[in-house]
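Subject: Structure for you to look at

Hello,

Here is the structure you will be working with. Please open it next to this email and follow along.

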Amino acid sequence: MLKYANPTFFLRLVAAVLPWLWAATILTLGVGLYMTFLTAPADYQQGETVRIMYIHVPAAWLSMFIYMVMTLSALGTLVWRHPLADASQQAAAPLGAGFTFICLVTGSLWGKPMWGTWWVWDARLTSVLVLFLIYLGLIALWNTIEEPLMAARASAILTLVGVVNIPIIKFSVDWWNTLHQPASVLRMGGPALHPSMLWPLLVMALGASLLFVCLHLMGVRNEILRRRLRRLSYLAAEAADHVLEPQTEAGA
Amino acid sequence: MKALAALFARELRLANRAGGGGAMGVVFFLILVTIAPFAIGPDLNLLARIGPAILWIAALLSTLLGLDRLFLSDHEDGSLDLLEMADTPLEAVVLVKCLAHWAGTGLPLVLAAPLFGLMLALDGDALWGVTASLAVGTPALTFIGAIGAALTVSLRRGGLLMAILVLPFTVPALIFGVSAASAASGGTVPFLTPFLILCALSLASMALAPFAAAAALRSGG
């Protein structure tokens, strides 16, 4: 395990794996979108708007999954002080915010024809909005603290504090009487969705997850390179300092 | 224990002697309560209905405003480093500092709440409800805010960032605080249900937040 966590080995691994992952992502998303728009049936009640589900639900799943990835990375940062965990946290936050935003926007677009309103203050919607705000807060924290090690530990602590929101989102539809429907795929007694709708949804969820993995790996790679660049520029500045010193002495 | 008692007394003394202590928070509270009817209009029925919400938001904002001083002044003069190196666990230090901070800023707000409630046309039951909910709810705000204050202690422009970090986490306290206050003046929910959940939120944040804040101070200070 530690071998894979070595940044240099990680960079080589990413370079080898990434093209294949991108190919799989494009293929899965292509098939998923084809099924979404062409093979999946329109709902007898909701009509064509039901197709929003194939974007909305995977984005919602990922918004929570990414937070769990960040939580595990935060543990990696706090317990093992591993630089890859730092980079993983940092790369995941904007992606999580992005998927949460997609989830909120598609939900709003879906809510207008179905519920007759863009937004209601019910427990599920509000808790997802709070998740979005937590993501934004984490990004702000990353941007404000210049020293990367300090920023990583600070946001790791905040990530662990924010994890209380995840079960609230998950169970909000069961605990409170919400306008949002309760879980219909992952539930006791099997999915309540007809296979003709379930399969496109699962393919889209897989495609969106693959997209996240690709973007996340690229983000982690960029962060490693950015840190190396930072270190190199410090070394260069130090070297320049040594060159300058004798000259100033000679000048005086 | 003796050291913690001394710390508590020191915090209260500092809060009272420098910067006006709790009085400034109460004045800010009063200003927020005064501004609300200007924005909403002086309709007394409407004010009576949303009065508890106004008081809670005002309390939330004035708590937040005082929180950036919680660790900042100690960080600036170096006493925070001494507290970190002391034998007393930093978690206990944070707990005591938060309690003292609440006694200096939160308690005056609670005491002033009935008076300001009168200005918002709240009647007897609603007045006691909102005061009781603020009394048990404001510690949760202070303790949750302490995490944000500890995270941003070494930053130059920490104030706004702290608000962004802390406010999403205060949503549960706000929900149950306002619903307890509204339930007191009649409604379908009995007063005790949201009130007890609010107590639980305060106690849980009191138990957990010192650990997060202490970890943040150790990593960032």
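Helices here are DSSP runs of H or I with at least four residues, strands are runs of E with at least two, and both are numbered from the N terminus. This is a predicted model, in which local features need pLDDT of at least 70 and side-chain atom pairs count only at pLDDT 80 or more, while totals for chains, interfaces and linings use all residues. Residues are numbered from 1 along each chain as its sequence is written, chains are lettered from A and ligands numbered from 1 in the order in which they are written, and side-chain values use heavy atoms, with hydrogens and water left out.

Helix α4 of chain A

A:Gln89 is found in helix α4 of chain A. That helix covers residues 83-115, which is 33 residues, and reaches 46 Å from its first C-alpha to its last, close to the 48 Å expected at 1.5 Å a residue. The expected span is 1.5 Å times one less than the number of residues. α4(A) bends by about 25 degrees at A:Ala92, and the proline A:Pro94 follows within four residues. The bend is the angle between axes fitted to the seven residues ending at a residue and the seven starting there. After α4(A) comes A:Gly116, with a positive phi near 80 degrees.

Is A:Gln89 buried or exposed? A:Gln89 is buried, with a relative accessible area of 0%; buried means under 20%, exposed over 50% and partly exposed in between, using a 1.4 Å probe and protein chains only. Leaving aside neighbours within four places in sequence, the contacts of A:Gln89 include A:Met70, A:Trp142 and A:Thr159, where contact means heavy atoms within 4.5 Å. The C-alpha atoms of A:Gln89 and A:Val220 are 131 residues apart along the chain and separated by 8.6 Å.

A:Glu223 lies in helix α8 of chain A, residues 195-251, and is buried at 6% relative accessible area. With neighbours within four places in sequence set aside, A:Glu223 is in contact with A:Ala87 and A:Gln90.

Nonpolar cores

A nonpolar core is a set of buried Ala, Val, Leu, Ile, Met, Phe, Trp, Tyr and Cys residues joined through side-chain atoms within 4.5 Å. The largest has 72 residues, and B:Val94 is among those with the most contacts inside it. Helix α5 of chain A (residues 123-144) gives the largest share of this core, 10 residues. A second, separate core has 27 residues, including B:Leu55 and B:Ala181.

Cysteines and aromatic pairs

How many disulfides does the structure hold over all chains? There are zero, a disulfide being a pair of cysteine sulfur atoms within 2.5 Å. For B:Cys98, the nearest cysteine sulfur is that of B:Cys199, 18 Å away. B:Cys98 is buried, at 0% relative accessible area.

The whole structure has six aromatic pairs over all chains. Rings of Phe, Tyr and Trp (its six-membered ring) pair if their centres lie within 6.5 Å; planes under 30 degrees apart count as stacked, over 60 as edge-to-face and the rest as tilted. A:Trp119 and A:Trp121 have ring centres 5.7 Å apart and planes at 80 degrees, so this pair is edge-to-face. A:Trp119 is partly exposed at 28%, and A:Trp121 is exposed at 65%.

Positive phi

Most residues other than glycine have a negative phi. A:Arg81, in the loop between α3 (53-80) and α4 of chain A, has a positive phi near 50 degrees.

Regards
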